[in-house]
Amino acid sequence: FSLENGQQVLIQGYVGVYDKGGNYQLYCRNIILYGEGQYLLELAKLKEQLKKEGLFDKEKKKLPLIPKKIGLITAKTGAAIHDFFSTLNKRLKVETYIFPCLVQGEFAPQSIIEQIDLAESFGVDVIVITRGGGSKEDLRCFNDEMLVRRASNIKVPLITAVGHQIDTTLIDYVSDLVCITPTDAAQHVVPSK
């Protein structure tokens with residue numbers, strides 16, 4: 001990375017002292033980004049690795065015109081589930097199963113993976129993974145390598161609607177359709193009456 005003013009870094013090295021002038025010098029052996037900068041660097045490397053492996057190049061699955069069963073993977077409370085169903089209820093009636101999971105934090109990726117497995121065992125025609133907006137920190141779980149790998153192998157079409165319009169997570173690169181909000185996902189998964 002290129003070193004710039006204002007970055008948080010960890011430095012390994014030693015301090016030298018020039019006795020006559022009373023000057024101190026910092027001799028650096030290694031400098032690494034710290035905090036958000038380090039995370040973004042690791043995320044870019046993971047994105048490049050998954051891209052090289054071809055995970056982002058898989059052919060997109062076509063959404064069913066009228067799905068018989070929808071699997072909705074999201075938190076059991078919150079704006080995302082409310083927005084999704086308020087829009088869905090104005091459209092054709094389709095059987096929808098809720099697979100509640102954690103949508104942020106350390107245990108969220110595993111929770112989402114477990115619900116993907118469960119949704120597939122229910123024989124749904126399409127899976128929607130969604131959560132409302134949040135900070136980049138809140139959305140980190142959707143960049144988890146194991147989650148992205150599992151999502152890339154879902155047998156039915158996958159729709160993601162994570163965060164806001166400006167947010168892009170790694171799971172979006174393997175989904176069959178990326179929507180900007182939970183409302184947008186509901187509009188795409190089921191046609192209007």
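Reply: The account below takes up the strand, its place in the sheet, its aromatic contacts and its neighbours.

This is a predicted model, in which local features need pLDDT of at least 70 and side-chain atom pairs count only at pLDDT 80 or more, while totals for chains, interfaces and linings use all residues. Residues are numbered from 1 along each chain as its sequence is written, and side-chain values use heavy atoms, with hydrogens and water left out.

Helices (H or I, at least four residues) and strands (E, at least two) are DSSP runs, numbered from the N terminus. Strand β4 belongs to an open sheet of five strands with parallel pairing, in the order β4-β3-β5-β6-β7. Both β4 and β7 (177-178) are edge strands with a single partner strand each, so one side of each has no neighbour in the sheet. Pairing here requires that DSSP find at least two bridges between two strands. Strand β3 (residues 69-74) runs parallel to β4 and is joined to it by six bridges; within this pairing, I73 has F99 of β4 as its bridge partner. Strand β3 also pairs with β5 in the parallel sense, over four bridges, and there G71 stands opposite I127.

The path from β3 to β4 passes through helix α2 (residues 79-88), and the three elements make a right-handed β-α-β unit. A crossover is called right-handed if, with the strands pointing away from the viewer, the path from the first strand over the helix to the second runs clockwise. In the loop between α2 and β4 lies V94, which is buried at 14% relative accessibility. Buried means under 20% relative accessible area, exposed over 50%, and partly exposed in between (1.4 Å probe, protein chains only). Leaving aside residues up to four places away in sequence, V94 touches P67, K68, K69, I70 and V190, where contact means heavy atoms within 4.5 Å. The C-alpha atoms of V94 and K68 are 6.0 Å apart, although 26 residues separate the two in sequence.

The whole structure holds five aromatic pairs. One of them joins F99 and F122 edge-to-face, at 5.3 Å centre to centre and 85 degrees between the planes. Rings of Phe, Tyr and Trp (its six-membered ring) pair if their centres lie within 6.5 Å, and planes under 30 degrees apart count as stacked, over 60 as edge-to-face and the rest as tilted. Residue F99 is buried, at 3% relative accessibility, whereas F122 is partly exposed, with 37%. Ring pairs also bring in Y97, so that Y97, F99 and F122 form a cluster.

Helix α3 itself has 14 residues and spans 20 Å from its first C-alpha to its last, close to the 20 Å expected at 1.5 Å a residue; the expected span is 1.5 Å times one less than the number of residues. Its buried residues are A108, P109, S111, I112, I113, Q115, I116 and A119. Their cover includes β4, together with β3, β5 and α4 (145-152). Just after α3, G123 adopts a positive phi of about 75 degrees.
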